[in-house]
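Thanks for asking me to take a look. Here are my notes, written to be read with the structure open beside you.

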Amino acid sequence: MISIFPSLLSGAVITLQLLVSSMFFGLIIGLIFAILRINKNPIINKFAYGYSYFFRGTPLLVQLYLIYYGLANIEFLRNSFFWVIIKEPYWCAIIAFSLNTGAYTSEILRSAFQTIKKGYIEAAQSLGVTKKITFYRIQLPIAIKQSLPAYGNEIILMLKGTSLASVITIMDLMGEARKVNVLTFKPFEAFITAGIIYLFITFIIHNIIKYLEKKYGFQT
Amino acid sequence: MELLSFGDTGWGDELFFATLMTIAVSIAAMAIGFIFALIFTPLKLSKNKTLNIIGNCYTTIIRGVPELLVIYLLFFGGTGAAMYVASIFGYDGYIEINAFITGALAIGIISGAYSTEVFRGAILSIDKGQFEASKVLGIKKYIQFYKIILPQMLRLSIPNLSNVWQITLKDTSLISVTGLVEIMRQSYIAAGSTRDPLFFYSVAAVLYLMLTFLSMKLINKLEIKYSKGY
């Protein structure tokens, strides 16, 4: 069991890399689409809703396959600059995960934006605070604070989601566990050790979010 | 569109049966999940510390590890375990466990963990006075559960169970890695033999969207039906 540990740990590093980069891009995408969702223009609104509906209604595996196998099928993409990115499974995984978590994040942030008490915005308006400053200084901080618990769950869901990267040949924690299983024919050792590492990462994320909630949590 | 025609030339019928397979696996997994939830919810609510820890371990571990890991563990480990048990009884041949059963069991264990949380939340939100009242009236514990708690628990958990159903439905796509021919596997095969992955994975995405959309409609109807009188 000890002999398989180093290879699993090297896989865990890839898993964490995938997680951090997709959470980073996902947060940006989520924020943009949350703002589009609360926009009053029906076309923009519908577009943002369609995006989140598609990515929340289909399995992550379909999205990953669509991007990894599907995009390579489009002729002009293959001849363009993007081919450098989409020929790498690693980047395809990050694109798929970012778009997926972006959809969930946008829903989390949207509901946070919508539950902000109207009084805050009205108070800001009556004090003559501009719309831009109201958004950056009042709406955004409150929304982020309110969505912390749900966002913590989303990070853990995404951590579990990154295990799908192993299906498109990336040697993340799951990929390494599969390799160990194939090489040694010891499925229990390989997968249970990987499971313990996953649980450990989940535990750390859970505690960080709990700490942040305590420190910055929004009390109503 | 030709690719989607029914019969020997198109993939329409294959994809249709694959969709039925996805629905079947999802329902089986959801049912298995219910059984797990009905076992583990009382454990989680129990006042006995040991039982409590067992219940908590189940939900924490299953919700903390990737779904794929559970599937692989059952798929690769299950065969080995079954052969080991069989060897005790003197059978040394190769045993292959059906992909449907392993898949439904794996997804069932996962959805069971989510359902447990849902049921626990629902029971906790039932007014305490009802427990006390039934106790005062001398109603036996199991009748109290079947006639008073269970109906309310089910009604209260419908909205959250619809989320669990959606998660379960999407998780079944992961069973494709074990070779069960459901939507994902069938699109993979079709994409491989026609070299048109973009088209077939888009079809798969549309099929999943259709399933989630239809089940949402159905569950909304159920919700309205069972919240009559409230």
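This is a predicted model: local features need pLDDT of at least 70, side-chain atom pairs count only at pLDDT 80 or more; totals for chains, interfaces and linings use all residues.

1. Take helix H2 of chain B, residues 49-64, to start. H2(B) has 16 residues and spans 22 Å from its first C-alpha to its last, close to the 22 Å expected at 1.5 Å a residue.

2. Which residues of H2(B) are buried? They are B:Gly55, B:Tyr58, B:Thr59, B:Ile62 and B:Gly64. Within chain B, the buried residues of H2(B) pack against helix H1 (12-45), helix H3 (67-88) and helix H4 (99-124). They also pack against helix H10 (187-216) of chain A.

3. Now for the contact between the chains, to which chain A brings 27 residues and chain B 28 residues. On the chain A side, helix H2 (42-57), helix H3 (60-70), helix H9 (173-184) and H10 each supply at least two residues. H10(A) gives the most, with eight residues. By class, the chain A side has 17 nonpolar, eight polar and two charged residues.

4. Back in chain B, have a look at H1(B) and helix H7 (residues 183-194). Their axes come within 8 Å and cross at roughly 155°. An angle over 145 degrees counts as roughly antiparallel, so that is how H1(B) and H7(B) run relative to each other.

Terms used
Residues are numbered from 1 along each chain as its sequence is written. Chains are lettered from A and ligands numbered from 1 in the order in which they are written. Helices (H or I, at least four residues) and strands (E, at least two) are DSSP runs, numbered from the N terminus. The expected span of a helix is 1.5 Å times one less than its number of residues. A residue is buried if 20 or more other C-beta atoms lie within 10 Å of its own, exposed if 12 or fewer, and partly exposed in between; C-beta atoms are placed from the backbone. Two residues are in contact if their C-beta atoms, placed from the backbone, lie within 7 Å. Ala, Val, Leu, Ile, Met, Phe, Trp, Tyr, Cys and Pro count as nonpolar, Asp, Glu, Lys and Arg as charged, and the others, Gly among them, as polar. Axes are lines fitted to C-alpha atoms, for helices over the stretch in contact, and angles run from 0 to 180 degrees between N-to-C directions. Angles under 35 degrees count as roughly parallel, over 145 as roughly antiparallel, 65 to 115 as roughly perpendicular and the rest as oblique.
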